[in-house]
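Reader: I am new to this structure, and I would like a close look at one part of it. Please go slowly, and show me how that part sits within the chain as a whole.

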Amino acid sequence: LFRSVMGMGRMEMELDYAEDVTEHRRALEVEKEETDELKQKYKDSVDKEKAIAKALEDLRANFYCELCDKQYQKHQEFENHINSYSHAHKQRLKELKHREFARNVASRSHKGE
């Protein structure tokens, strides 16, 4: 049944091709012998991945708002947040608290004199 569907000679051609491919296949990573060169290659790739992860972490830190304690993934999201009402409100509130604290400290120092 299988031969009739594939056509004349097609089955032999497929089997020959499969045989060639399996004879000359690439070795899997686990089948390779561990040489110093291969170990160095693996070590370099791990170091490169760590460097990329560190760079991404540093990049993400650039899009963090300490005032609101919010992290953003994209520059545009961060810009929208900085220009938002809620961020401006928190900033004004922080400045107001700072001025009140400074005024209280100043008034206490005048009372003490």
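Author: The 22 positive and 24 negative charges of the chain have mean positions that are 15 Å apart, where Lys and Arg count as positive and Asp and Glu as negative, with His and the chain ends not counted, and where each charge is placed at NZ of Lys, CZ of Arg, CG of Asp or CD of Glu. The model is a predicted one, in which local features need pLDDT of at least 70 and side-chain atom pairs count only at pLDDT 80 or more, while totals for chains, interfaces and linings use all residues. Residues are numbered from 1 along each chain as its sequence is written, and side-chain values use heavy atoms, with hydrogens and water left out.

Five helices and two strands make up the secondary structure (DSSP runs numbered from the N terminus, with helices being H or I of at least four residues and strands E of at least two), and along the sequence they follow the pattern α-α-α-β-β-α-α. The chain is more spread out than a compact globule, because its radius of gyration is 34 Å, well over the 13 Å that the globule rule gives for 113 residues; this radius is taken over C-alpha atoms, and the rule is 2.2 Å times the number of residues to the power 0.38. Its C-alpha trace spans about 110 × 45 × 20 Å along the principal axes, and 9% of the 113 residues count as buried (under 20% relative accessible area, with exposed over 50% and partly exposed in between, using a 1.4 Å probe and protein chains only).

Phe-63 and Phe-78 form a tilted pair, 6.2 Å centre to centre with 50° between the planes. Because Phe-63 lies in the loop between α3 (36–61) and β1 (64–65), and Phe-78 in helix α4 (residues 75–82), this pair ties together parts that are 15 residues apart in sequence. Phe-63 counts as buried, at 13% relative accessibility, and so does Phe-78, at 14%. Ring pairs also bring in Tyr-72, which is linked with Phe-63 and Phe-78 into a cluster.

Notes
Phe/Tyr/Trp six-rings, centres within 6.5 Å; stacked < 30°, edge-to-face > 60°.
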